[in-house]
Amino acid sequence: MNPQLPNAQLDWDDQGRPYSRVFDDVYFSDLSGLEETRYVFIEQNRLQERFAALPADGRLVIGETGFGTGLNFLCAWQLFDQHAVAGARLHFVSVEKYPLTAADLQRALALWPQLKSFADQLLAQYVAIHQGFQRLVLDNGRVTLTLLIGDALEMLPQLDGQVDAWFLDGFAPAKNPDMWTAELFAELARLAAPDSTISTFTSTGWVRRLLNAAGFKMKRTPGIGHKWEILRGVFLGWPAEVAVPLAAKPWFARPPLRNSERRALVIGAGLAGCATAASLAARGWQVSLLERHAAIAQEASGNPQGVLYLKLSAHGTALSQLIVSGFGHTRRVLEHLHRGVDWDGCGVLQLAFNAKEAERQAQLAAAFPADLLHLLDQPQAAARAGIALAHGGLFYPEGGWVHPPALCQWQAAQPNVHVLPHNEVLALRKVDDQWQAWDGDTLLASAPTVVLAGAAEIKRFEQSADLPLKRIRGQITRLAQTAESQSLATVVCAEGYVAPARLGEHTLGASFDFTSDDLTPTTAEHLGNLQLLEEISSDLVSRLHAGELDAEQLRGRAAFRCTSPDYLPIVGPLADGQAFNQAYAALSKDARQVPDVPCPWLDGLYVNSGHGSRGLITAPLSGELLAAWLDNEPLPLPRAVAEACHPNRFALRRLIRGS
C-alpha cells in the first residue's frame, strides 16, 4: 500500500474548470468537454448502436485509462440509459492514480447540469474511495463502476475481465508519458475482447505505432475543436511475434458456463447468502434464498450491532487488499440504509493498549493514507470518543457500527429474490442439469446453480465436506444506555469492543470460545465481556453503572463465527475433490508443474463462506465476486486476491504438501 497516494491536486479557472497541478494539464477541453467526450469516445466506439443492440440479459464492458472527473463515464451511462433495453447492463472499469475528492468531484460535475441525474447517483456512492479495486453499484445494479485506484501499470495487470470498448484518456502524452507505453498497451490488448474497439483524443504517431504493435489496428480520423485528428481502432488479436500472456492456472480458471438459465438457489440467509442473492438478482437472476429458520439473519448475522473494523496488514497482503476493497463496498451499500438506526459512520477507535499494539499501529499509520486511518494521542482519542481513555490509538474515520439484520433485509428485499424460510437443506443431488435441495425425503427446490452460504453448516453436504471451516462461539452483552453513556461518540476497541447506543442499548463484546457448541448465553462470558469493557475505559464502566449490574440478569446472544485456517473467506466455484486429486496428482511431485487438464468442476455449485468476524466487510463484496464468476464479468478484486479466496486453494495445498 502507498501511504502517499494523494487525491488530485486541482486549480480552478475563472470558468470553474479543474486543472491538474501534477500534470500541468486540463481535464477536458476549454471549448466543450461534453462534445469532445461524445465525439472522441462515444461516437468512435459506436456505443449508441452497440447499446441498442444489447439483448435483455446482455452487457457491454467499457475500460478506461484516467477516470478524472467521471465525465466519460457519465456520458456513456446517459447514452446507455437512453438506448439499452431493460435488463441490459453497463460495466465500466476505470483506472485512476489521483482520484478527485468528493468535494472536487461535485464541483467539477456541477459544470454539466444535463448530466445531473447521473452525477447525483455517482456522488451519493462516491464514499470510501481508497487504493485498490473499488466497486460502485449504480442504477439499482443496472450499471457497475469498478474504479482501480492506483498507477495504471500496477492496477491493470491485476484485472481479470474482458473489455469491449477502450477509452484511452490519460493526460496528454507530452504531459504524462508514463501512461502511454508499450507495457500499458499490452495490458489493454490482454484485456480486450474479440473485436474490441478503442479510441483516444491524441493522434501522436508513436502512440498509434505502439497500439498497432500491441494488436490494435489504429487509424487517424478527423478531430474536434483544437484537435485536428484523433485515433480510433479495433483489436485484431494478439500479435503472433509476441509471447501470449500466461493463462490462469486451470484450478483457478473460470468454469465454463454450461447452462444459460439464470436461476439459482442460495442456501443460508445470513450476510453471505443475502449479499449473494442481491448481487445475482441485480443481474436479472431469479434467486430462491433458502433459510432453515423462520426469518433471515438469525445466527451470527443477527447481532444487534457489528463493527466495521479494518484489521489490516502493513504489507499489502491479499487479506488487507480484500478488507480495503470490501470496506469501501460495504460503506457504499450502507448509504441505502437508515443512518442512526441501521448503521452509523461514527468512526472506530482501536486503542494502543500495549507496546506491541502501539508498534503495529505505527506501522499501519505509515503504510496507509490518513483518510483511511490515522493515529490519535491519548487526549485526542478521549476527545474523539467522548469518554476518558488511558491510551491513544488508531482511528478509522469512515468506520462505525451496523445492525446486520437491516443490511440482510435490504438485500433480501431486492426484486428477483424469493425468501423461502423454514427450509433446512440436508442434502444436494445433481439430476440432469439441475441441483436439487433435499430435506430428508422432501424436495425443497431445484435450479441449475446453487450457492452454499450457510457458514460451517455447509460441511454437511458431501460436495463441500472437505472445506476446512471451523466454528468459534462468540457472545455479546447488551447494556442499557444511561444519561452519562450517551457521550460515547465512536466505537472503541481493545481486545473487545463497545459501540455507541442503538435504540437505547450498547453492544459489548465479543467472547471467543473454540470448544463450546452451546449457544445459551452464559454468566461467565457476560463477566468476561464486562472485563473487556474495563480494559477499554473504566470511565465508561462508571457511566454505564456496570459495577452495579447483576451479571446473571444481563441480556445478550451467542452465535458461531465461521472461519478458515488462513482467515480469508472461501468464495468461488467448487470442484470434485477426488477428481481434482487425480487430475493434478503431478503437483505432489513437482509443485511448479501446471498440468494441461481442465479442472473437474461440480458444474453450477459455488460457495460463499468463512467470513469469520469480518462478514460485514467481506461478505457484500464476496457476493459481487460470485456474481462476476457466474456472469463472466470483470472481477471486483485483483485476480491474485480472488485466487487467495478460491475454494481450490486447500486441495492444492494438500496436494503440494503430499498430505
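**Labels and their cut-offs**

Modeller: Glu-261 is partly exposed, because its relative accessible area is 32%, and partly exposed covers what lies between buried (under 20% relative accessible area) and exposed (over 50%), with a 1.4 Å probe and protein chains only. This is a predicted model, in which local features need pLDDT of at least 70 and side-chain atom pairs count only at pLDDT 80 or more, while totals for chains, interfaces and linings use all residues. Residues are numbered from 1 along each chain as its sequence is written, and side-chain values use heavy atoms, with hydrogens and water left out.

Colleague: What makes the contact of Glu-261 with Arg-263 a salt bridge?

Modeller: The closest N and O atoms of Glu-261 and Arg-263 are 2.6 Å apart, and a salt bridge requires a side-chain nitrogen of Lys or Arg within 4 Å of a carboxyl oxygen of Asp or Glu, so the pair qualifies. Arg-263, with a relative accessible area of 27%, is partly exposed. By this rule the count comes to 32 salt bridges.

Colleague: Why can the pair Glu-624 and Arg-283 be said to tie together parts that are apart in sequence?

Modeller: Their side chains meet in a salt bridge at 3.0 Å, N to O. Glu-624 lies in helix α17 (residues 615-631) and Arg-283 in the loop between α9 (271-282) and β13 (286-290), so the pair ties together parts that are 341 residues apart in sequence; helices here are DSSP runs of H or I with at least four residues, and strands are runs of E with at least two, numbered from the N terminus.

Colleague: Are Glu-624 and Arg-283 buried or exposed?

Modeller: Glu-624 is buried, because its relative accessible area is 4%, and Arg-283 is buried too, at 2%.

Colleague: How do you know that Cys-645 is in no disulfide?

Modeller: A disulfide is a covalent bond between the sulfur atoms of two cysteines, and the rule used here asks for a pair of cysteine sulfur atoms within 2.5 Å. A search of the whole structure finds 0 disulfides, and for Cys-645 the nearest cysteine sulfur, that of Cys-562, is 14 Å away. Cys-645 is also buried, with a relative accessible area of 1%.
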